[in-house]
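Please look over the sequence and the model below before reading on.

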Amino acid sequence: MNEFMMIFRHSPDPSMELSPEQLQESIKQWQDWIGGIAGQGKFSSTNQLGYEGKTLKPDGIVTDGPYAEVKEIIGGYLIAKAASLDEAMKLAEGCPILHVGGHVEVRNIIPIN
Amino acid sequence: MKENELIPHLFKTEYRKIISVLCKLFGIANIAVAEDIVNDTFLLAAESWGSKGIPTNPTAWLYTVAKNKTKDSLRRDKVFSDKVSVKIKEDRKNIEEFEVDLTDQNIQDSQLKMIFAICSPLISVEAQIGLALRILCGFGIEEIAQAFLSNKDTINKRLYRAKEKLRKANIPVDLPPHAEISDRLQPVLRTIYLLYNEGYYSSTQNNILRKDLCYEAMRLTYLLIGCEETNIPATRALMALMCFHSSRFESRVSPEGKYLLYEEQNEADWDMDLIRKGDYFLNQAAQGHKASKYHYEAAIAYWHCRKEDSKEKWENILQLYNRLLQIEYSPVAALNRTLALSKARSKEIALTEALKINLDKSHLYHALLADLYKGISLEKHKEHLNTALKLAKSEADKEFLQAKIEQLN
């Protein structure tokens, strides 16, 4: 089995704040989707990325924020086991990032030995 | 207690104590010497108590004889005593003054250390469970063979090989260093968990034996809880899990001896005292940042101790299975998650997910699919019941599925 990384990208609306109920609902949606992958025995790991971040550039310049000069940011990632990129793409279906205008980038992982 | 019941009873309770103390004293390399001493002690008890009657304090009698037999061994066996005498010299005693410490405190300490020595990843999990049953629980070879649905010969060989490996690796009979406790506890907890499952889900029909296995797993966990070093949240979560499961032990069997499904069980037969204990340990387990698989399994078992169906119950169970599967995949958890999905969401959603699961060879998978197709497609419902019946191995499963098929016709 190969590993693939699904990278969740979206353009967050800084003015939008989720109510506790909405947050709860969002967690459920993510957990149901991840649980579906794990239930097929194809889950490796996942992490959410926070909004806190800085960017280091070659000349020592540090800029605030995780934004790499685009307004789109990476919200998190999930590493899944799949035989092929096509199978990994199938697993990406139903990812909750798609419901908030975001998208999933699926990449093959090359282990470094 | 009658004499013919007393010795087997004492064997169960005292064998493990004496052998643990001796193993800690001699080192795991001399486990065979320790076994001989304890076996001889019980043999002498059987002979002497039969002719002279039972002593006033049988346990003290056993301890005294075991102590004397240890001294005899030290005197007689030069090679052995050379190894052990190092230890005695450290204690600045000669063999005559030498005492085997059979105080409660040392017994407790020795048993705890033996748990770590036996639950070593060096030997297979099956061998760990077998050795744990023999050395830590005082089970006879016959009983172990029955629990594993195997024969005495196979078990004897398996235990012999395992002891050889421990001997060659010279596994210390000691607690791991403080910094390693949490890591080293993982295989220990896993072995105890599997020992419990062996009892709870085993295919052996002997219900008393099954209960004994579960009880022993709980006793070992209790030992770990009694020691500050090993009383970590995961240990308490494992205890909670076992309390919740055990609360339903009696209700799983009908008065006629038939196994009952969860739905068929009478709630009134559930052991409330064990459920309360489970609640207590689960609360105690809610510390630290990382939840173990035992936390999730215990929390799922907690919800199953509430019989009435509610959206809240199934939503919670679903979310717990989602998390559990991320820690460790198992086919049973995957199927149970899908069942929870059907209860918390809908059969249609669960069906879509179920069809993504690749467990085509499992009768449980087809039984679940049959369940989900019920009310959606009668044809598919029948088809999967028939496939499940073809794949089922145990008589109880076959009977259950056969009855469902007959209901349809």
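**Chain B, its helices and one buried side chain**

Of the 409 residues in chain B, 50% are buried; this and every other value in the text is computed from a predicted model. The secondary structure of chain B consists of 19 helices and 0 strands, and its C-alpha atoms fill a box of roughly 80 × 50 × 40 Å when the box is taken along the principal axes. If one considers the contacts in chain B between residues at least 6 apart in sequence, 64% of them join residues that are at least 24 apart. The accessible surface of this chain comes to about 20700 Å², and carbon and sulfur atoms account for 52% of that area.

For a sense of distance, the C-alpha atoms of B:Met114 and B:Ile192 are separated by 13 Å, while the two residues are 78 residues apart along the chain.

**Chain A and its sheet**

Chain A has 113 residues, of which 30% are buried, and its secondary structure comes to 2 helices and 6 strands. The C-alpha atoms of chain A fill a box of roughly 45 × 40 × 20 Å along the principal axes, and the accessible surface of the chain is about 7400 Å², with 55% belonging to carbon and sulfur atoms. Among contacts in chain A between residues at least 6 apart in sequence, 76% join residues at least 24 apart.

Four strands of chain A form an open sheet in the order S2-S5-S1-S6, with antiparallel pairing. Strand S2 (43-48) and strand S6 (103-108) of chain A are the edge strands, each of which pairs on one side only. With direction ignored, neighbouring strands of this sheet are turned by 20 degrees against each other on average.

Within the sheet, strand S1 (residues 2-10) of chain A and strand S5 (residues 73-82) of chain A pair in the antiparallel sense over 9 bridges, and A:Glu3 has A:Lys81 in S5(A) as its bridge partner. Helix H2 (residues 85-92) of chain A packs on the sheet, where it touches S1, S5 and S6 of chain A, and its direction makes about 125 degrees with that of S5(A). S5(A) is also joined to S2(A), by 5 bridges between strands that run antiparallel, and here A:Phe43 stands opposite A:Ala80 in S5(A). Is S5(A) mostly covered or mostly uncovered? It is mostly covered, since 7 of its 10 residues are buried.

**Aromatic rings**

A pair of aromatic rings is described by the distance of the centres and the angle of the planes. A search of the whole structure finds 14 aromatic pairs over all chains. In one of them, the rings of B:Tyr302 and B:Trp303 have centres 5.4 Å apart and planes at 85 degrees, so the pair is edge-to-face, a class that requires an angle over 60 degrees.

Elsewhere in chain B, ring pairs link B:Tyr196, B:Tyr200, B:Tyr201 and B:Phe249 into a cluster. B:Phe249 also takes part in another kind of arrangement, as B:Arg252 lies over the face of its ring at 4.9 Å from the ring centre.

Note on methods:
Residues are numbered from 1 along each chain as its sequence is written. Chains are lettered from A and ligands numbered from 1 in the order in which they are written. This is a predicted model: local features need pLDDT of at least 70, side-chain atom pairs count only at pLDDT 80 or more; totals for chains, interfaces and linings use all residues. Side-chain values use heavy atoms; hydrogens and water are left out. Rings of Phe, Tyr and Trp (its six-membered ring) pair if their centres lie within 6.5 Å; planes under 30 degrees apart count as stacked, over 60 as edge-to-face and the rest as tilted. A charge sits over a ring if NZ of Lys or CZ of Arg is within 6 Å of the ring centre and within 35 degrees of the ring normal. Two strands pair if DSSP finds at least two bridges between them. Axes are lines fitted to C-alpha atoms, for helices over the stretch in contact, and angles run from 0 to 180 degrees between N-to-C directions. Contact means heavy atoms within 4.5 Å. Buried means under 20% relative accessible area, exposed over 50%, partly exposed in between (1.4 Å probe, protein chains only). Accessible areas come from the Shrake-Rupley method with a 1.4 Å probe; for residues, only the protein chains shown count as cover.
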